[in-house]
Amino acid sequence: MADIRPMTADDVADGMRLKAEAGWNQIAADWERFLSLDRDGCFVAECQGRVVGSVTSCRFGPVAWIAMVLVEKARRGAGIGRNLLVHALDHLEAAGARSIRLDATSLGRPLYESLGFRVDFHLDRHSGIVETAEAEETSCPARPADLDGIAALDRIATGTDRRILVDRLLRDNPLESLVAVPIRGFALWRPGSSADQIGPCIAEPDAGQALLNDVGRRLAGRRVIVDIPTDNVDAVAWAERAGLKPSREFWRMTRGEPVVEDLDRLWASSGPEMG
């Protein structure tokens, strides 16, 4: 069996190797952000000095997220993923998390259900080259002074105080952000290894379309991915008009106390890492 130990900055290269084998989109900056937000909640599994698995977690007060559950293909089926997940769950519950959440793939969902996670809602990942008509510019780049308003809107939509995440995303990618002024919505995007990831995009129902149109105008001709709740039909319609196609499924799941999200305001998830 593999030994589980805390992840360090020296393990980022191994994390990149594992995610590349799985065909995921993260870059080194994403792993560094996971460590900066909750270094004590990130772990690797090691066999004979070789990193063969990973899990990351982050806690926003009573609500926590688990992500990056990866196991080297040659080691799958030996219980490494389950042991990593249980290790992260024990850590989060000891730290006071009452709701533990994740976005499950079809491969991982049975494991999560066996550990008490239940499905909240379904998301589709839409991907492709953005093909969007010229849109009237109705938003502007986010400024540090906008953080309070952005974080408040995010909290209303997600039922979670994710200010530390939003602040870090804005600081990591200051040129990849838009707000609808006055702050009725915001959208962030960031580079990935194979595509730009759009999200989070949180907006009032009457502001989301225009905000995403502005994002599409800026990213026209680029390959993107965006994770959209299937219940937000207006967001799904935007992706279709932009030439994006469903390419992957996720199920948002929770173990513990329910967390209520407003899907009319959730136009795009930040990604499976932290919802």
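What follows is a series of stops, each with something to select and a note on what is there.

**Before you click**

This is a predicted model, in which local features need pLDDT of at least 70 and side-chain atom pairs count only at pLDDT 80 or more, while totals for chains, interfaces and linings use all residues. Residues are numbered from 1 along each chain as its sequence is written, and side-chain values use heavy atoms, with hydrogens and water left out.

**Stop 1: the largest pocket**

Select Trp24, Val69, Thr105, Leu107 and Tyr112. Of the 42 residues that line the largest pocket, these lie nearest its centre. The pocket holds about 780 Å³ of space. A pocket here is an open set of points on a 1 Å grid over the protein atoms alone, with protein on both sides within 12 Å along at least five of seven lines; a cavity is a set of points where a 1.4 Å probe fits but cannot get out; lining residues have an atom within 4 Å of a point. Grid points are joined across faces, edges and corners, and a volume is the space filled by probe spheres set on the points.

Which element gives the largest share of the pocket lining? Colour strand 4 to see: 6 of the lining residues come from there. Other elements giving two or more residues include helix 1 (12-22), helix 3 (80-94) and strand 12 (245-256). Helices (H or I, at least four residues) and strands (E, at least two) are DSSP runs, numbered from the N terminus. By type, the lining has 20 nonpolar, 10 polar and 12 charged residues. Ala, Val, Leu, Ile, Met, Phe, Trp, Tyr, Cys and Pro count as nonpolar, Asp, Glu, Lys and Arg as charged, and the others, Gly among them, as polar.

**Stop 2: threonine 105**

Now zoom in on threonine 105, in the loop between strand 5 and helix 4. The threonine 105 side chain reaches the backbone nitrogen of glycine 108 at 3.2 Å. Beyond neighbours within four places in sequence, threonine 105 is in contact (heavy atoms within 4.5 Å) with Arg248, Glu249, Phe250 and Trp251.

**Stop 3: helix 3**

Next, select helix 3. Its 15 residues reach 21 Å from first C-alpha to last, close to the 21 Å expected at 1.5 Å a residue; the expected span is 1.5 Å times one less than the number of residues. Buried residues of helix 3 include Ile80, Leu84 and Leu92. Buried means under 20% relative accessible area, exposed over 50%, and partly exposed in between (1.4 Å probe, protein chains only). After helix 3 comes glycine 96, with a positive phi near 105°.

**Stop 4: the largest cavity**

How many cavities of 30 Å³ or more does a search of the whole structure find? There are 3. The largest has a volume of about 70 Å³, and among the residues lining it are Asp30, Phe34, Leu169 and Glu273. Helix 2 gives the largest share of that lining, 3 residues.

**Stop 5: glutamate 261**

Go to the loop between strand 12 and strand 13 (266-268) to find glutamate 261. Is glutamate 261 buried or exposed? At 13% relative accessibility, this residue counts as buried. The side chain of glutamate 261 makes a polar contact with the side chain of arginine 101 at 2.7 Å, and another, of 3.2 Å, with that of arginine 252. A polar contact is a pair of N or O atoms within 3.5 Å; within protein, one must be able to donate a hydrogen and the other to accept it, and residues adjacent in sequence count only if both atoms are side-chain atoms.

**Stop 6**

Most residues other than glycine have a negative phi, and most peptide bonds are trans.

- Glutamine 48 isn't a glycine, yet has a positive phi of about 50°; at 84% relative accessibility, glutamine 48 is exposed.
- Methionine 68, in strand 4, also has a positive phi, about 55°, but is buried, with a relative accessible area of 4%.
- Valine 181 and proline 182 are joined by a cis peptide bond, with omega about -10°.
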